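Work through the exercises below with the sequence and the coordinates open beside the text. Each task is followed by a solution in steps.

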Amino acid sequence: MNITVYPDPVGGKVTVPPSKSHVHRLLIAAALCRKQETAIRCIGENEDIAATVRCLSALNADIIREDQGFHVYRDFSLHRFPANDQLNCGESGSTLRFLLPLCAAKPHDMEAPIMLTGSGRLPSRPNGPLLDALRDHGAQIHGDFLPLTVDGGLQAGDFALPGNVSSQYFSGLLFALPLLEGNSTLRYTSPLESRPYVDLTLSVLRQFGIRIKAIENGWQVPGNQHYISPGAAEAEGDWSAAAFWLGANVLGNAVTVEGLNDHSCQGDQAIETLLSRIGGEMDVTDTPDLMPILSAVAAAIPGKVTRIIGAARLRLKESDRLAAMAKTIQALGGYAEELPDGLIIHGMKLRGGTVDGMNDHRVVMSAAIAATACQGPVTILGAEAVNKSYPDFWKDFEALGGYIHA
């Protein structure tokens, strides 16, 4: 689907969707509660959340979608499901990396092997450090890229991973290690990037009764623990989604964003601070998902030169986001220079043009916000990519007064 966005201002009130980062974690923790019910309040869904629901259902969790969210219950063994069944992670890296250690934690040869699959760029995205750590502790995993077949056998012990690869590796292990028979430690061997995402995982684990102790450069994780349902949990509004509307305000729009938790662990709450640094240097090491909207806004402010660093990992997302945003800015008549780990952006009045959305939801939404400050219309190819995280984006865009043509 291609959509043309006309350079009209947007304004009004918008309620952001639930944080998919938070919902992934709540669903997994709830599914790990044996013979306990959990009601998760979560109005709205997207393709990534659907992938986690699909995989947890294949792993024997009963998940019912209700008007106000999800009802989660599990009666049987997490790993008991028909032979040759698959966990289709879609394009969700979170789903894959959170569930992979849990699949590895099943008793070796006790149940049928588990096959994990995916689509889009996910089968080509690397998981080497996580796979190495799991195999070093007894897990039988066949393959290095999707599809992966997991026979289980993960043992407790001392785990160590570089901190600059993916925070999702740490979150996945933190979900699984409490279930093992022995005690474990999990350490990062270099500075931990995207730490707020790990903090969000730890917050959810505490909510579900899991005890984890912080130690130097890592955590101590007692084994033989049981997830305990709080009965009900509520997903927070998504600061990642809010970032697009808050970025729009810097370009002269007037959007009031509702549904956010000002005390959230979500790292993308830093959006307002980072927007204030346009015209200087900003480091997105802990908030890489904000790079697309920050670069789009920076490109549309004449006379300011912005340098974004700490974003090397974005080359391995749904698209190479550094290259994708440089191309997007240039397609709109702006100028951006790629760095190994970021961009240098020279702000100017953008003329508009045609943008390839690169099948990347954040690229598409960033282009739409930039379009509100262009001189002419912007046609976005593959605009349906928003379904990955924010299916109602175009509906909300129109409700705020934006003029689009499909």
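Helices (H or I, at least four residues) and strands (E, at least two) are DSSP runs, numbered from the N terminus. The model is predicted, so that local features need pLDDT of at least 70 and side-chain atom pairs count only at pLDDT 80 or more, while totals for chains, interfaces and linings use all residues. Residues are numbered from 1 along each chain as its sequence is written, and side-chain values use heavy atoms, with hydrogens and water left out.

**Exercise 1.** Determine where serine 194 lies, what its phi is, and whether it is buried or exposed.

Step 1: serine 194 belongs to the loop between β11 (184-188) and α6 (195-207). Step 2: the phi of serine 194 is near 55°, again a positive value in a residue other than glycine. Step 3: buried means under 20% relative accessible area, exposed over 50%, and partly exposed in between (1.4 Å probe, protein chains only). Step 4: with a relative accessible area of 2%, serine 194 is buried.

**Exercise 2.** Describe the surroundings of serine 171.

Step 1: serine 171 is part of helix α5 (residues 167-176), and it counts as buried because its relative accessibility is 0%. Step 2: contact means heavy atoms within 4.5 Å. Step 3: once neighbours within four places in sequence are set aside, serine 171 is in contact with Arg25, Phe98, Tyr197, Val198 and Thr201.

**Exercise 3.** Identify the buried residues of α2 and name elements that cover them.

Step 1: helix α2 covers residues 47-58. Step 2: its buried residues are Asp48, Ile49, Ala51, Thr52, Val53, Cys55, Leu56 and Ala58. Step 3: the elements covering these buried residues include α1 (20-31), β4 (62-66), β5 (69-73), β6 (86-88) and α3 (93-104). Step 4: for the chain as a whole, buried residues make up 58% of the 406 residues.

Methods:
The expected span of a helix is 1.5 Å times one less than its number of residues.
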